[in-house]
Amino acid sequence: MNEKKFFLCFFFQDTLYYEKQIGIRMDHIKKTGSPAYLEALKKLTRLIHAEYPDGGKLPGAPEMCRRLGICMVTYIKILKILSKESLLVTSKGRGGTYIPPKNERRRKIGIVVRNAEESPFFGEIPVMTEALKTLNNERFVLHLLQASRVEDIYEKALIHAVEGILWFNPDVEAVPAITQIQRGTDIPIMTLDLWTREPRHLVEQENINCVMQDSEWEYELIADYAVQNGHTSILRIDKPNEVYSNRFMEALRQKGIPFTPDRYILPGNIRKQLPGKLSEKHPTLLISEGGFAVYRQICELLSALPEQERPAMLIRDAGNLPEKGIKKLYPGIRFAGTMKSDFKRIGREGALMMVRHLRNGEPLCQKKIRCFSIQP
């Protein structure tokens with residue numbers, strides 16, 4: 001498979017609870033039964049891992065067909081699939097199907113990347129792969145899962161003999177499926193960060209395994225930065241979320257900086273609201289998220305102001321900034337700094353937690369790490 005390929009996936013679960021929580025209608029989605037070979041594939045994969053840790057030879061095809069409850073055609077199809085993934089070796093010359101010893105098999109961790117080109121994780125996959133190879137004597141490798149339909153992802157994980165799944169940046173629609181996989185299958189799943197804020201509450205509520213950024217640390221660091229640089233009047237351009245907006249406001253208030261809901265501007269309302277807010281609030285600092293499309297609008301509006309009236313801008317590195325750098329494109333704008341999240345650290349932490357789980361049986365869990373920084 002081409003390492004550069006990616007896919008966009010959504011999972012659905014016919015659950016009234018999630019319809020109420022996130023407003024998604026599930027009644028038009030039909031549950032599809034798994035083909036016979038999928039259940040047999042699952043059984044054979046389990047059998048190989050459980051009964052042949054030191055390798056060996058599988059019984060003959062007729063006996064395996066009876067044991068798995070399938071016909072010869074389906075069994076041959078399964079053998080071809082698992083042979084491609086080096087989980088077994090078929091040899092007409094040697095007269096049978098052989099299982100390599102466990103220490104000679106490639107142990108694969110499947111990864112799901114949402115919104116691939118926009119995801120800050122996508123570019124870190126090669127780095128994470130190299131880190132895993134180095135730290136684990138090349139026993140574990142990362143394997144990009146790809147499917148045209150999301151309901152096929154579990155099947156793909158079985159086909160490629162994946163032992164665990166790392167799901168990067170899940171969104172609200174994915175939470176029910178992740179819950180179902182975590183609770184109802186034998187493949188462990190770990191989610192990595194939630195750069196879209198809405199799913200965080202559901203992930204924590206459903207106790208889904210996750211390594212995520214400690215948002216409280218982010219708010220505290222921004223508040224300290226504002227105090228240290230003498231910013232007492234701030235505007236924030238972002239999509240407000242009741243829970244996280246309140247925490248952000250509280251972090252500033254604790255540092256003596258007044259911040260009220262009317263100091264928020266939606267990214268879609270920049271041209272309409274920002275000029276008035278600048279005139280009314282006289283901010284010395286603009287904190288903005290949303291990427292280059294948003295920053296460009298802000299810079300164009302600020303460029304129309306006298307230099308002494310332009311507030312400084314604190315922006316987040318969204319991964320889609322131009323190569324020349326936004327500072328060179330808008331030399332008249334004062335950029336206070338760039339907010340960054342260390343996604344390499346998040347991905348590495350989650351991957352290694354999965355490795356320890358698969359190797360030593362250590363439990364997967366929810367973990368928050370401090371990986372946010374502000375750089376000049």
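Two strands count as paired here if DSSP finds at least two bridges between them, and that is the idea to keep in mind for the views of this predicted model.

**View 1. Cys210 sits across from Gln366 in S14.** Cys210 has Gln366 of S14 standing opposite. The strands involved are S8, spanning residues 210–213, and S14; they run parallel, with four bridges joining them. Look for Cys210 on the inside: at 0% relative accessibility, the residue counts as buried.

**View 2. An open sheet holds S8 and S14 together with other strands.** Six strands line up in the order S5-S4-S6-S7-S8-S14, and the pairing is parallel. At the edges you'll find strand S5 (140–144) and strand S14 (366–369), each pairing on one side only. On average, neighbouring strands of this sheet are turned by 25 degrees against each other, direction ignored.

**View 3. Asp193 reaches the backbone of Gln213.** Asp193 belongs to the loop that links strand S7 (189–192) to helix H8 (199–205). A polar atom of the Asp193 side chain lies 2.9 Å from the backbone nitrogen of Gln213. Asp193 counts as buried because its relative accessibility is 2%, and the cut-off for buried is under 20%.

**View 4. Cysteines without a disulfide.** Cys299 is another cysteine to pick out, buried with a relative accessible area of 0%.

Conventions:
Residues numbered from 1 in each chain as written. Predicted model: local features only at pLDDT ≥ 70, side-chain atom pairs only at ≥ 80, totals over all residues. Heavy atoms only, no water. Helix = DSSP H or I, 4+ residues; strand = E, 2+ residues; numbered from the N terminus. Buried < 20%, exposed > 50% of the residue type's maximum accessible area, 1.4 Å probe, protein only. Polar contact = N/O pair within 3.5 Å; in protein donor to acceptor, adjacent residues only side chain to side chain. Disulfide = S-S within 2.5 Å. Axes fitted to C-alpha atoms, helices over the stretch in contact; angles between N-to-C directions.
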